[in-house]
Amino acid sequence: MELRHLEHFVAVAEQKHFTRAAEAMSISQSGLSASIRALERELRASLFVRNTRSVELTEAGRALLCEGRRTLAAAEAAKDAVAAVQGLLRGHLTVGLEQCLGVVDVPALLAKFRSAYPGVEIEVRQGGSTPMLDELASGRLDVAFVATAGDPVDGLDLRPLSRESMVLVCAPDHRLAKASGVTLDDLAGESFVDFDPTWGARAISDRAFATAGVAHPVTIEVNDVHTLLALVAHNLGVALVPERIAAKRGDHATVTLAPGTASHWQVSVAVPTGPAASLAADALLGMLPTTAGHA
């Protein structure tokens with residue numbers, strides 16, 4: 001099996017379109033189609049269901065996609081290993097980042113990395129921590145800065161950078177604004193403002209309420225910290241957020257949660273384990289400030 005055939009297959013699977021995949025790979029559509037047919041003949045299986053507008057993976061195609069990505073990542077790592085022995089780190093580094101983690105100055109870190117390794121192409125994707133962990137495991141990301149409850153994830157190495165408590169934020173005139181501490185039972189009947197379910201803080205809140213058996217009706221869902229705090233300040237709902245977010249400027253009130261109410265919010269840098277590990281990612285992690293874990 002040739003790596004270029006796998007590269008072409010993954011491109012079509014991700015684009016769900018032969019023409020777009022051909023453009024992305026800078027090859028002719030006929031050449032791409034011939035490559036896919038050669039791979040299907042070798043595997044003795046159809047990989048795509050084709051129609052006039054798009055293509056979909058067959059069951060065999062879905063099975064190949066995950067392993068194909070792993071194989072390509074391992075091949076890239078092998079090339080990087082040879083380059084590293086020669087003293088020249090090269091290749092591609094894809095970094096995932098959830099918004100407003102605040103522990104590490106990632107732009108400054110990437111600038112430092114680019115200065116040290118100009119031969120490495122850097123790609124940054126911002127999104128929720130949950131899908132980024134999946135992308136790390138499948139080889140679509142090399143490293144990610146994520147927020148979770150700190151639970152282990154198969155196939156990934158989560159290296160903690162900071163850990164802090166969740167707190168309640170509410171309007172200054174809310175009934176609980178001056179409370180010395182609240183439990184989830186105290187929040188029964190409230191409406192909530194919260195982040196997209198893929199964010200680490202949202203996952204922690206959802207799990208805490210589910211464990212306590214208390215309803216958690218999210219009536220407003222946002223993808224921005226400052227918008228969440230503004231909505232809360234106008235008494236459009238309450239929210240559980242990490243201390244770091246509650247400390248941002250705003251007109252909201254912050255109330256401590258009773259001990260054990262919710263898991264801690266842990267910011268970690270995550271990388272795949274095993275052959276999918278990236279030398280470029282290791283080099284980036286080596287540039288992290290030694291005080292990052294105490295931020």
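1. Some terms to start: axes are lines fitted to C-alpha atoms, for helices over the stretch in contact, and angles run from 0 to 180 degrees between N-to-C directions. Helices (H or I, at least four residues) and strands (E, at least two) are DSSP runs, numbered from the N terminus.

2. You're looking at a predicted model, where local features need pLDDT of at least 70, side-chain atom pairs count only at pLDDT 80 or more, and totals for chains, interfaces and linings use all residues. Residues are numbered from 1 along each chain as its sequence is written, and side-chain values use heavy atoms, with hydrogens and water left out.

3. Have a look at helix H1 (residues 3-15) against helix H3 (residues 29-43): they pack at about 110°, axes 9 Å apart. That makes H1 roughly perpendicular to H3 (the word covers 65 to 115 degrees). Contact (heavy atoms within 4.5 Å) involves Arg4, His5, His8, Phe9 and Val12 of H1, meeting Leu32, Ser35, Ile36, Ala38 and Leu39 of H3.

4. Now the rings, which pair if the centres of Phe, Tyr or Trp rings (six-membered ring for Trp) lie within 6.5 Å; planes under 30 degrees apart are stacked, over 60 edge-to-face and the rest tilted. The whole structure has 5 such aromatic pairs. In one of them, Phe18 and Phe48 sit edge-to-face, 6.0 Å between centres and 70° between planes. Phe18 is in helix H2 (residues 18-25) and Phe48 in strand S1 (residues 48-50), so the pair ties together parts 30 residues apart in sequence.

Terms used: Angles under 35 degrees count as roughly parallel, over 145 as roughly antiparallel, 65 to 115 as roughly perpendicular and the rest as oblique.
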